[in-house]
Amino acid sequence: MSGIQQRKKTGEYCRDGAVVFINCSNHPSKRWGERQREEAEKYGEIVDVPFPEVDPAWPEERIGEEAENICRKICQYNVAAVMCQGEFTLSYAIVSRLKERGIPVFAACSSRKAVETVNPDGSTRKEVLFCFERFRRY
């Protein structure tokens, strides 16, 4: 039995509906390039679940609470897969919880292209482009 079928059977936080790919990041999918959208849509309709701003002063308990809240939001859908990227400790907490539930979790892998320009006044301007290459499973 697949993980999706198992979650539908147990009803663990999930409701029936369209199979979705969750984007849990602070990069809205509407701003993704065509290639990244196409790869995500192989799993289902893309749904954005925003990754929150994480206060450096939060204790570990708050990270755990926030991770649980986000996982509840994510699992309201019939989830095929999740891309999770953001502040490291909260990402780890979310990824761990989703994997425990049998949900595949991915990171976006990009190539980085930097162009440096020296301005007439001697200052340097650096422009960085990130080009999506693939999703890599956690």
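Predicted model: local features only at pLDDT ≥ 70, side-chain atom pairs only at ≥ 80, totals over all residues.
Strands S4 (105–118) and S5 (124–137) each contribute at least two residues to the lining of the largest pocket. The space inside the largest pocket comes to about 340 Å³. Its lining includes the aromatic residues Trp32, Phe130 and Phe132, together with His27, Pro28, Arg31, Gly33 and Gln36. Met83, Gln85, Ala108 and Ser110 complete the set of lining residues.

Attention then turns to charge. Side chains of opposite charge can pair when their charged atoms come close. In this model, 7 salt bridges are counted. One of them joins the side chains of Glu68 and Arg101, with an N to O distance of 3.6 Å. This pair ties together distant parts of the chain, as its partners lie 33 residues apart. Glu68 belongs to helix H3 (residues 60–74), whereas Arg101 sits in the loop between helix H4 (88–100) and S4.

Glu45, for its part, is placed in strand S2 (residues 45–48).

Conventions:
Residues numbered from 1 in each chain as written. Heavy atoms only, no water. Helix = DSSP H or I, 4+ residues; strand = E, 2+ residues; numbered from the N terminus. 1 Å grid on protein atoms, 1.4 Å probe; cavity = no way out; pocket = protein on both sides within 12 Å on 5 of 7 lines; lining within 4 Å. Points joined across faces, edges and corners; volume = space filled by probe spheres on them. Salt bridge = Lys/Arg side-chain N within 4 Å of Asp/Glu carboxyl O.
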